[in-house]
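Take a look at the model below.

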Amino acid sequence: YDADKAYKDSKLCNVLYTRELQRRLNESGKNINVNCFNPGLIVSTGLFRDQNQVFTKIFDFAATDLLKVGETVSWGGGALEYMTLDKQVSSKGGLYYTSPPGSSKYGDSAYGNQFSVSDVSREAQDVDKAKRLWELSEKLLGIAV
């Protein structure tokens, strides 16, 4: 088991699933938009709960306070709030939002500026892979149509 690969694969699945859901909503004529986002590296959220606690504390301090590449829990919550309430975000769907590391230093003004739509990898744009993920998810949940 490779925890790093599993984490990255889970992020890829988030994008694939979002894009497939948006495709299906568009196809059905529903006026609903869905998007996904990455709030950045937030060490103190529990993602590192299985790591050595001393390492986690040092890493959090170094990433967030010294190197300024980490984000705060408050920043992550603000990113979710922005994704949920911003009219421009809700006007288009199937998009991925993120920001450069350390964007929380710009405060709320970063939402819509540093924190904005970003290109996704070629793999994340694979429509067939997104459909297959959707179908496997339905099968695993026992709701395949």
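## The start of the helix

N52 caps the N-terminal end of α2. One of its side-chain oxygens lies 2.7 Å from the backbone nitrogen of V54. Keep in mind that this is a predicted model.

Helix α2 covers residues 53–66, which makes 14 residues. At 1.5 Å a residue, α2 should span 20 Å. Its end C-alpha atoms are 18 Å apart, so the two values agree.

What follows α2? K68 does, and its phi is positive, near 60°.

Which residues of α2 are buried? They are T56, A63 and T64. These residues cover an arc of only 80° around the axis, which puts them on the same side of α2. The other side of α2 has V54, K57, I58 and L66, and these are exposed.

An α-helix has 3.6 residues a turn, so residues three or four places apart point the same way.

How do β2 and β3 pair, in the parallel or the antiparallel sense? Strand β2 (residues 96–98) pairs with β3 in the antiparallel sense, over three bridges. Across this pairing, Y96 stands opposite S118 in β3.

Methods
Residues numbered from 1 in each chain as written. Predicted model: local features only at pLDDT ≥ 70, side-chain atom pairs only at ≥ 80, totals over all residues. Heavy atoms only, no water. Helix = DSSP H or I, 4+ residues; strand = E, 2+ residues; numbered from the N terminus. Expected span 1.5 Å × (residues − 1). Buried < 20%, exposed > 50% of the residue type's maximum accessible area, 1.4 Å probe, protein only. Arc of directions from axis to C-beta. Polar contact = N/O pair within 3.5 Å; in protein donor to acceptor, adjacent residues only side chain to side chain. Pairing = 2+ DSSP bridges.
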